[in-house]
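Colleague: I would like a close look at a single part of this model, the contact between its chains. Please include the cut-offs.

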Amino acid sequence: MSTLNRRQFLKASAGLAAVSAVGMPYLSHADSKGGHVVIIGGGAGGTIVAKYLRKADPSIQVTLVEKNADYYTCFMSNEVLGGDRTIDSLKFGYDALAKQGVEIVTEEATAIDPTAKTVTTSGGKTLKYDRLVVSPGISLVYEGIEGYSKEVAEKIPHAWKAGAQTTLLRGQLEAMKDGGVVIVTSPPNPYRCPPGPYERVSQIAHYLKKHKPKSKVLLLDAKDSFPKQGLFIQGWTKLYGYGTDKSLIQWLPAAEQGKVVRVDASDMSVYAGDLEDKHTADVINVIPPQKAGKIAIDSGLTDATGWCPVDKRTFESTLHKDVYVIGDAAITEMPKSAYSANSQAKVCVAAIVTSLQGKEMIEPSYVNTCYSIVGEDYGISVAAIFKYKEGALASVEGAGGVTPSDASADHLRREVLYAHSWFKNITVDMFS
Amino acid sequence: MIKRNTLSASLFMLLSMGLHTAASAEAPDLATGMLVNTCVACHGPSGSSHGPAIPSIAGMSHDTFMNAMTTYKSDERKETIMNRIAKGYSEADFEVMAAYFAKQEFVRFPQETDSKKAKAGAKLHKQHCENCHADNGFTDEDGSSILAGQWLPYLEASLSDFSKKEREMPKKMADAMKAVMKKGGEASLEQLAHFYASQTKKP
Ligand SMILES: Cc1cc2nc3c(=O)[nH]c(=O)nc-3n(C[C@H](O)[C@H](O)[C@H](O)COP(=O)(O)OP(=O)(O)OC[C@H]3O[C@@H](n4cnc5c(N)ncnc54)[C@H](O)[C@@H]3O)c2cc1C
């Protein structure tokens, strides 16, 4: 560098960056006016950040790194298992986001360097960012259950990431004989979609009731209680004979030896509780324990819990500056849901825009609503509005809560319609 | 497919979108966005719903919006979930939302309606509803709400609530409702719903 002083060198590299912005658009965006934001994960959180950043400030360059060309929503995937919905109705793509000026990189993010502020991808790209948003969802802790693994999941699906796994489990349910037993295992807290395993059991019972009424579904639980429990049990009693000896659903909580410790794919059995009671079944769905998505763990964004600590006012990681974590991967008081991820994404956008513009963060506002479809014309919900207060997200007192336990049949029917309309609108929010 | 997309309407949209993006980088717009974007995940982009059970709230007048939210909050008006949601926000929050949604264009997405029922509904509308629901339900005046092009399942649910007196209404409307129900019963509610849902062009 002897013939170039520092100033000349910077000028020369800025020129290089400008050239590469045309030839190899992903190498450097140091010259983009409003800053360059890279997002890892095009799911419930990441798509919203991409879209709303572009809306809020078109001078911000936005790159979305998503490993899959198609996204299958987990939300409503239990209805595919129940037989009322096709897998294709869960499938979405990224064309509309691209049209709004989001650069889509269909590759896996393999590393984050928070010091150099770069993301490396499986295709060998190095993306330089001013701000990075990480919304990778969950990783499944197969090791949490002896005998379970990614390979075994081809025979004993988790179906906790939608797509091929959902189709696999649905196929097994269809192939099962009447009189068969389905086992679903529910993981310890915290995990993606707290009411999800219970909605799933409901949807499976909904299918069995119509097509295989001599069968049953056994729910083995690592916990002693679950969200909307009273409402689920009310629904199960009403629709599936819960509590009688003809019940389509049986629930074994942890206190009754429900916690799964081992699976054996060779004879389709699971072992649960301290005494390792053996249960065999025709179809087994293991929902394993969970942690933040792999990229978050690999790049030092997680703490000892396996999840990502964040400043809940902005979602900036408390471990790495200028890196934001939202959605399932982040530690907050909100349930790990698509609606939470959507709401957190919008707060995160405000935080990034204000920070890039050197302004004060505005007062954040957060909301979550989760519908569960218990059966035909039978929907229930939980809602909460959160405010930031002294480092935590406190749900507004007196607001939110669950469907009233004395809700009329018409009310329950409408909740199903609202659930489906919610699905329409939230996927439009993400993908159009 | 958006039926009201006349040349002048789309020009206007382009203009206002341009203004909107330019202005929304400012902090006040971020603050508005922070609140109203908590609504749109359920109620659709800018308040125009893609899901037929959830009503579009774009273009709703300030007073209609305020009245809906405050009566949800106080439980005077009952819905499955809005009572729980409304209690999470302040009157000042409602004002911000009301001002925003009042300015948004009500986008009508295609939906199927029965032309026979709609025709019968048109007659009923002329006879009983027109006085308050001007322009075939296109205009939200004195809390009349925009009915034209609203989603059919939502209109049906609302009319059913009114007819069962599960939702409060002005005396004039209660009388009209009584008259409609006496003559045609639930079938006439259906006809009215099909009529309003089928309205895509302002008369
Ligand atoms: C059965 C079931 C039912 C559910 N029902 C509901 C419901 O009714 N309502 C609700 O609100 N929520 C529901 N959820 C929860 C919801 O799906 C999640 O909470 C939500 O998807 C979380 O959003 P996210 O952005 O954190 O992760 P995701 O939506 O999973 O998105 C993560 C994305 O990141 C990508 N990715 C990960 N790592 C990388 C990498 N290194 N490089 C590139 N890309 C990467 C993934 O491919 C994925 O597309 C349900 C979940 C399940 C399993």
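How many residues does the contact take from chain A and from chain B?

Modeller: This is a predicted model, in which local features need pLDDT of at least 70, side-chain atom pairs count only at pLDDT 80 or more, and totals for chains, interfaces and linings use all residues. Residues are numbered from 1 along each chain as its sequence is written, chains are lettered from A and ligands numbered from 1 in the order in which they are written, and side-chain values use heavy atoms, with hydrogens and water left out.

The contact (heavy atoms within 4.5 Å) takes 44 residues from chain A and 35 residues from chain B. Interface size is often quoted as the accessible area lost when the parts come together. Here the two chains, A and B, bury about 3200 Å² between them, with 61% of it on carbon and sulfur atoms; buried area is the accessible area (1.4 Å probe) that two parts lose on being put together, summed over both. On the chain A side, the residues that lose the most area to chain B are R414(A), Y418(A) and N425(A), which together make up 20% of what that side buries.

R414(A) also forms a salt bridge: its side chain meets that of D161(B) at 2.8 Å, N to O. The rule asks for a side-chain nitrogen of Lys or Arg within 4 Å of a carboxyl oxygen of Asp or Glu, and across the interface of chain A and chain B it finds three salt bridges. For polar contacts, the count across this interface is 15 residue pairs, both residues at pLDDT 80 or more. A polar contact is a pair of N or O atoms within 3.5 Å; within protein, one must be able to donate a hydrogen and the other to accept it, and residues adjacent in sequence count only if both atoms are side-chain atoms.

Several elements give two or more residues to the side of chain A that touches chain B, among them helix 2 (46-56), helix 9 (338-356), strand 23 (366-375), strand 24 (378-389) and helix 10 (409-431) of chain A. Helices (H or I, at least four residues) and strands (E, at least two) are DSSP runs, numbered from the N terminus. Helix 10 of chain A supplies the largest share of that side, 12 residues. By class, the side of chain A that touches chain B has 22 nonpolar, 13 polar and nine charged residues. Ala, Val, Leu, Ile, Met, Phe, Trp, Tyr, Cys and Pro count as nonpolar, Asp, Glu, Lys and Arg as charged, and the others, Gly among them, as polar.

A backbone N or O atom of Y339(A) lies 3.0 Å from an oxygen atom of the ligand.
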